[in-house]
Amino acid sequence: MFDLHGKVALVTGGNGGIGLGMAQGIARAGATVVLAGRNAEKSREAAHRLRTLGLKAEALEADVTDEGEVERMVAQVGDKHGALHILVNNAGTTVRKLPQELTLHEWRHVMDTNLTSAFLCSKAAHPWLRRQGGKVINIGSMMSLLGAPYAAAYGASKGGIVQFTRSIATAWAVDNIQVNAVLPGWIDTELTQGARDQVAGLNERVLARTPAGRWGVPEDLAGIAAFLASPASDFITGTAIPVDGGFSIA
Ligand code: NDP
């Protein structure tokens, strides 16, 4: 039910943090994972690390905000492997500023990286996914559900991810493609290391508010990724599943 041998997965932002945690979960279930990011060296190292664990992993350089690069990335994976079964739209960024201080350029950068990229990658992957049925996993956030003063663009993009997920889930159900969102709580990565450095008291607030009493680690996302990529989730589509140690219900 959870076996992914013979499957090919493309994970955007798969060279570190949550993307790498998810890629590892999918690879452990047997799939070949392709890690895509702008930093080619970081992607190569991450793929190498997975291969040293006996997993099947490759690296690909791509900027997911660029439609031409996205089309090339998806075509490269599909042509090389003859198939693409699983797409994880994970690449993301943030600009921490009050809404009145955000520039249009910063707003667009966050929206392009977090939301428009999911549209571009999903659109490019659709012809491959529909051949045999497939899985799309979109990465939202607690900011898909909640608000925060420094998250106007980030929250808008992550709220958008949930609605985008629901829309394409309905459109592509006929193609046997299941589309779900994962909403991570506070996970210790480079992204949140920046937040911890910039926002006084954040660490203490996260620990106090999270019922599990700890930050998540990228490996905490491995299980949900493998599940949503596998036949075990074939009748689950359009959902947004928190993986947050209870943050969203406390
Ligand atoms: P990281 O900063 O560790 O990872 C971000 C990844 O996105 C990197 O691999 C980066 O690779 C890639 N990326 C960024 N911009 C682009 C681009 N234009 N094209 C291709 N790849 C890009 O952060 P996290 O692991 O924390 O975040 C991963 C996802 O999880 C994001 O969508 C984030 O919003 C979400 N998330 C994170 C939470 C957390 O607590 N950490 C909580 C909720 C959601 P490269 O630099 O090589 O391009």
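## Packing of H4 with H5

The crossing of H4 and H5 is right-handed. In this predicted model, the axes of H4 and helix H5 (residues 152-172) come within 8 Å, with a crossing angle of roughly 15°. Because angles under 35 degrees count as roughly parallel, H4 is roughly parallel to H5.

On the H4 side, the contact comprises Trp-107, Val-110, Met-111, Asn-114, Leu-115, Ala-118, Phe-119, Ser-122, Lys-123 and His-126. On the H5 side, the partners are Ala-152, Ala-153, Tyr-154, Ala-156, Ser-157, Lys-158, Gly-160, Ile-161, Phe-164, Ile-168 and Trp-172. Sorted by class, the contact of H4 with H5 contains 14 nonpolar, five polar and two charged residues.

## Packing of H3 with H4

Helix H4 (residues 104-132) also packs with helix H3 (residues 67-81): the two axes come within 9 Å and cross at roughly 30°. That angle makes H3 roughly parallel to H4. The crossing of H3 and H4 is right-handed.

Helix H3 contributes Glu-67, Val-70, Glu-71, Met-73, Val-74, Gly-78 and Asp-79 to the contact, and H4 contributes Leu-120, Cys-121, Ala-124, Ala-125 and Trp-128. The contact of H3 with H4 has eight nonpolar residues, one polar residue and three charged residues.

## Two valines of H3

Val-74 is found in helix H3 and counts as buried, at 1% relative accessibility. Leaving aside neighbours within four places in sequence, Val-74 is in contact with Leu-10, Leu-84, Cys-121, Ala-124, Ala-125 and Trp-128. Among these, Cys-121, Ala-124, Ala-125 and Trp-128 belong to the H4 side of the contact between H3 and H4. Val-74 and His-126 are separated by 52 residues in sequence, and their C-alpha atoms are 9.8 Å apart. His-126 is one of the H4 residues that meet H5.

Val-77 likewise lies in helix H3 and is buried, with a relative accessible area of 2%. Not counting residues up to four places away in sequence, Val-77 touches Val-8, Leu-10, Val-34, Leu-60, Gly-82, Ala-83 and Leu-84.

## Packing of H1 with H8

Helix H1 (residues 17-28) packs with H8 at an angle of about 55°, and the axes are 7 Å apart. This angle makes H1 oblique to H8, and the crossing of the two helices is right-handed.

The residues in contact are Gly-21, Met-22, Gly-25 and Ile-26 of H1, together with Ala-222, Ile-224, Ala-225, Ala-226 and Ala-229 of H8. By class, the contact of H1 with H8 divides into seven nonpolar residues, two polar residues and no charged residues.

## Aromatic pairs

A search of the whole structure finds two aromatic pairs. The rings of Phe-2 and Phe-227 have centres 6.5 Å apart and planes at 45°, so this pair is tilted. Phe-2 lies in the segment before strand S1 (8-12) and Phe-227 in helix H8 (residues 222-229), so the pair ties together parts that are 225 residues apart in sequence. Phe-2 counts as partly exposed at 46% relative accessibility, and Phe-227 counts as partly exposed at 25%.

Trp-186 and Trp-215 form an edge-to-face pair, with 5.6 Å between the centres and 70° between the planes. Trp-186 is located in the loop between strand S6 (177-184) and helix H6 (190-198), and Trp-215 in the loop between helix H7 (202-209) and H8, so this pair ties together parts that are 29 residues apart in sequence. At 25% relative accessibility, Trp-186 counts as partly exposed, whereas Trp-215 counts as buried at 9%.

## Backbone at Asn-176

Asn-176 is found in the loop between H5 and S6. The phi angle of Asn-176 is near 60°, a positive value in a residue other than glycine. At 42% relative accessibility, Asn-176 counts as partly exposed.

How values were computed
Residues are numbered from 1 along each chain as its sequence is written. This is a predicted model: local features need pLDDT of at least 70, side-chain atom pairs count only at pLDDT 80 or more; totals for chains, interfaces and linings use all residues. Side-chain values use heavy atoms; hydrogens and water are left out. Axes are lines fitted to C-alpha atoms, for helices over the stretch in contact, and angles run from 0 to 180 degrees between N-to-C directions. Helices (H or I, at least four residues) and strands (E, at least two) are DSSP runs, numbered from the N terminus. Angles under 35 degrees count as roughly parallel, over 145 as roughly antiparallel, 65 to 115 as roughly perpendicular and the rest as oblique. A crossing is left-handed if the near helix is turned anticlockwise from the far one by less than a right angle, and right-handed if clockwise. Contact means heavy atoms within 4.5 Å. Ala, Val, Leu, Ile, Met, Phe, Trp, Tyr, Cys and Pro count as nonpolar, Asp, Glu, Lys and Arg as charged, and the others, Gly among them, as polar. Rings of Phe, Tyr and Trp (its six-membered ring) pair if their centres lie within 6.5 Å; planes under 30 degrees apart count as stacked, over 60 as edge-to-face and the rest as tilted. Buried means under 20% relative accessible area, exposed over 50%, partly exposed in between (1.4 Å probe, protein chains only).
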